[in-house]
Amino acid sequence: MSNAPLLMIPGPVEVSPAVLAAFSAPPPGHTAAPLIESFGIALERMRQVWQAGPESQPFVLTGGGTVGMDMVTANLTQPGDRVLVVDTGYFSDRIAEMLRRQGAEVVAVEAAVGEAPSPEEVRSVMTAQGPFQALYATHVDTSTGVRVDPEPLTRLAREHGMLAVFDGVCATAGERFAMAEWDADVYLTASQKALGLPPGLALLVASSRALAARAARRTPAPPMYLDWEQWLPVMRAYEERRPSYFSTPATNLILALAVGLGEIVEQGVEARFAAHARVARALRAAWSELGLTLVPARPELASNLLSALRFPAGVDGTLVRRILDHGVAVAGGLHPAIRNEYFRVGHMGFVTGRPELLRQTVLAVAAGLG
Ligand code: PMP
């Protein structure tokens, strides 16, 4: 038994014993048969978890979620593009800055902290200030716990001939996302959150429309490591169970990925979304008993994957340390406008099936509050 605190920050998260066992295996080479098999299985399972169609293309790269964001913006943006960002906080601001660095003109539809722009507001900006090449939104903003509904945003993007790109770094495999049904273009994530793996992988699935947009670029190719065209032959080879090489993958993480996605597929994605919703409901009831209120301004905006909780009167950031003293790691604030006014508790992946760990978390928060 380790003495490490229970990891209840909004990523990285606790991982299952089977994922940990796969991750801890002796590292295979990138052309070894077991690695090729795991990589192929992982790519197939990504389509299932993303609820994406057979024509969509999964990519797995070594790196954080930020690498996935850089990859998407580098492949899909040409200088002079006009791009609309649905801005719900810290991570939407990051992708807006990446888009600017690619030479795009960014129009951000903003909202107060804890709020999200409504689809009607987004539509009116599209109509009044369009045309735009793409819409970007953060499914769950981990800085505030605010969740947007990607479905109406995707519909608006389709109506206006725009690509629809979603940052699911906190959300993927925990909040509902139906890539094929909604006809979204990119859904990107990282391994260390609701997917339930250690950190170190950037994962995304791109639509054939998004791949065609990359192929039709007139401007210079993206940096090599980020270029979809470099990675396409590698991903296709692994899916066809052939060895391939462009840049060495994090082989142990690929083994863990195949196992972790297998657990998700076995549970069923809809059942998994429902489990996260149930856990969130139970925790919100507990927070309310403890006199804690959420940063998201309305219940329908609150993600099921983390609780961003305002400090009650007389309590400050030292609460995080006191909770840790009771064996549970939670996170401080991240959104610059309210950084010292709240803390965050993650509840995604493995712990959602372990009520005793959730109970331990609530008790540690209660003890920290004194
Ligand atoms: N987007 C969101 C919504 C995130 O929560 C994070 C990480 N907290 C990122 C992007 C960046 O991911 P990473 O830290 O793995 O680079």
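Select Trp50, Phe166, Phe177, Trp182 and Tyr187: ring pairs link these residues into a cluster. Rings of Phe, Tyr and Trp (its six-membered ring) pair if their centres lie within 6.5 Å. This is a predicted model, where local features need pLDDT of at least 70, side-chain atom pairs count only at pLDDT 80 or more, and totals for chains, interfaces and linings use all residues. Residues are numbered from 1 along each chain as its sequence is written, and side-chain values use heavy atoms, with hydrogens and water left out.

**Stop 1: ring pairs**

The structure holds 10 aromatic pairs. A pair of aromatic rings is described by the distance of the centres and the angle of the planes. Planes under 30 degrees apart count as stacked, over 60 as edge-to-face and the rest as tilted.

Select Phe59 and Trp228. Their ring centres are 5.5 Å apart and their planes meet at 10°, so this pair is stacked. Now trace the chain between them. Phe59 is in strand 2 and Trp228 in helix 9, 169 residues apart, so the pair links distant parts of the chain. Helices (H or I, at least four residues) and strands (E, at least two) are DSSP runs, numbered from the N terminus. Are Phe59 and Trp228 buried or exposed? Both are buried (under 20% relative accessible area, with exposed over 50% and partly exposed in between; 1.4 Å probe, protein chains only).

**Stop 2: the cavity**

There is one cavity of 30 Å³ or more. A cavity is a set of points, on a 1 Å grid over the protein atoms alone, where a 1.4 Å probe fits but cannot get out; lining residues have an atom within 4 Å of a point. The largest cavity holds about 80 Å³ of space. Select Phe39, Val60, Trp231, Ser247 and Pro249: of the 16 lining residues, these are the closest to its centre. Strand 2 (57–62) and helix 9 (228–239) each supply at least two residues of the lining.

**Stop 3: the ligand**

In Thr66, an N or O atom is 2.5 Å from a ligand oxygen atom. In Asp167, a polar atom lies 2.6 Å from a ligand nitrogen atom. In Lys193, a polar atom lies 2.7 Å from a nitrogen atom of the ligand.

Key: 1 Å grid on protein atoms, 1.4 Å probe; cavity = no way out; pocket = protein on both sides within 12 Å on 5 of 7 lines; lining within 4 Å. Points joined across faces, edges and corners; volume = space filled by probe spheres on them. Polar contact = N/O pair within 3.5 Å; in protein donor to acceptor, adjacent residues only side chain to side chain.
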